[in-house]
Each structure stands twice: as structure tokens, then as C-alpha cells.
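Have the coordinates open as you read along.

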Amino acid sequence: MRIDVVTIFPAFFDVLEVSLLGRARDAGILDVRVHDLRDFTHDRHRTVDDTPYGGGAGMVMKPEPWGQALDAIAADATEPLRFVFPSPAGAVFTQAAARSWAASGEHLVFGCGRYEGIDERVFSYAATLGEVSLTSIGDYVLNGGEVAAMAMIEAVGRLIPGVVGNPESLIEESHEDGLLEYPSFTKPAAWRGYDVPDVLLSGHHGRVADWRREQQIERTRARRPDLLPD
Ligand code: 6GU
């Protein structure tokens, strides 16, 4: 899968070299390329922002460098493009979106804005080159799209076949079946006065499965009732 990132902080993405996604890159499963938005400027100060029309606080990212960056990426794309602009004003990113993007065969382009945002016309222009998603990772505010893009890249990347070693570990986990994950335990069976639930030591696979499902439902009711059907 091909993923491009456009950012004024390319070093933020150095951590993609390590861990699971780093190995997937080395194995040629994930091809992630990070671009510095300032490389698409032409003035001496490599300016990427300007004051907002209509006034107000903060700066807005100028459209011209974005247009050139998106054009450069589109020019050598071989798969359909999806432009993802991380934004607290976007639709909330979910496991369903991660699954859909991972299975789509699309080339993902993350456009990371800073300051008060990107000139709105950039989204309209991107829509002439591919699909456009404005996507939030939750109801809180970050300083820019970089951390959100990283979260989405990891969520999507680990669903690409071969990235996660054991595909079964992708199935039994929080959100995949619409419920939170059941609690896990390992040895020792007794630790500092806390015991592993007896049912897990029983060897009855059916009872273990029933107990885990009950735990999933109970936890989801307690912590995330919004995930349960009415
Ligand atoms: Cl995607 N961007 C920013 N700046 N803040 C956020 C976010 C994204 N998602 C939640 N908060």
C-alpha cells in the first residue's frame, strides 16, 4: 500500500521507521513517503501561511504550496487517490473507516495542516484529483494533523495483510465486532492477592467463550454505552 504524507514537520514521521510499520516498510508491504510542504514554496522564507480573510486569530495555510504538493503526488500515482485531511472539524475516524481504506486499493495522501487550518479551496481542488476525507480522531484539539495522521496510518497499516504477524489477533480485539475487548490474564494464576478468574483455568472452551462475551458486553455497557444497539 502506498501512503504519502505532506507536512511542515517531516521529522514527526521518523517513528514510522520503528516497530511494526517499520518492518512492513522494509518488507515492501507499506510504501510511506513523507514530503515537506515547504519544498513546494518559491519564496526566500518558504512561507506556508498567511492572515485570514475576514480577520480573526491565527494564520491559515496558503493554497499554492498545497496545490503543488498534491499535483506532484498525483502525477506519479498509479492507484486511485484518497486525500485525508486530519481536522478536528472532520467526521470521526473509526475502525470501519480503517478497514475500508485498508481494503480499498487506494493510495492514501495525508495532508497535515497546522495553525488554524488550510485554505478551504485546497479541499475542493483535492476533490478533482481523488476522494477527500476530513477526519478527526476524537473530540479534543491537537496543534496539528501530524499526531492524528500517525494514528490513522497505524490503524490502517496494521490491517494490510502481512503487517501484523498473526491475523487472528486482528479479529479478537476492541471495536472489530462492535464491542470492547474482553480482559486478558497470563501466569501466575495468583499475584499480589489478585486471582485469575476460575473459568479461565477450567479448560472448558465453551464456558470461556461465554464468559468472555459477557465481559465484552458488560464492559461496553459500563464504558462505551454509545456502542451498544438500543
Ligand atoms: Cl485530526 N486534528 C487536530 N488538529 N486536532 C484533532 C484532530 C485532528 N482530531 C482530534 N483533534
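I started with glutamine 216, which lies in helix 8 (residues 205–223); helices here are DSSP runs of H or I of at least four residues, strands are runs of E of at least two, and both are numbered from the N terminus.

Before going on, I noted that residues are numbered from 1 along each chain as its sequence is written, and that side-chain values use heavy atoms, with hydrogens and water left out. The model is predicted, so local features need pLDDT of at least 70 and side-chain atom pairs count only at pLDDT 80 or more, while totals for chains, interfaces and linings use all residues.

**Glutamine 216.** Is glutamine 216 buried or exposed? I found glutamine 216 buried, at a relative accessible area of 7% (buried is under 20%, exposed over 50%, partly exposed in between, with a 1.4 Å probe and protein chains only). A polar atom of the glutamine 216 side chain lies 3.0 Å from the backbone oxygen of leucine 180. That is a polar contact (N or O atoms within 3.5 Å; within protein, one must be able to donate a hydrogen and the other to accept it, and residues adjacent in sequence count only if both atoms are side-chain atoms). Leaving out residues up to four places away in sequence, glutamine 216 touches Asp177, Leu179, Leu180, Glu181 and Tyr182 (contact is heavy atoms within 4.5 Å).

**The ligand.** Next I listed what surrounds the ligand: among others Pro86, Thr135, Ser136, Ile137, Tyr140 and Leu142 (a heavy atom within 4 Å). Which polar backbone atom is 2.9 Å from a nitrogen atom of the ligand? I traced that one to isoleucine 137. A polar backbone atom of leucine 142 is 3.0 Å from a ligand nitrogen. Leucine 142 lies in the loop between strand 7 (131–136) and helix 5 (146–157), and at 34% relative accessibility leucine 142 counts as partly exposed.

**Salt bridges.** My search of the whole structure gave 12 salt bridges (a side-chain nitrogen of Lys or Arg within 4 Å of a carboxyl oxygen of Asp or Glu). Arginine 213 pairs with aspartate 177, the closest N and O atoms being 3.1 Å apart. This pair links distant parts of the chain, 36 residues apart: arginine 213 is in helix 8, and aspartate 177 is in the loop between helix 6 (168–171) and strand 8 (190–191). Arginine 213 is partly exposed at 41%, and aspartate 177 is partly exposed at 37%.
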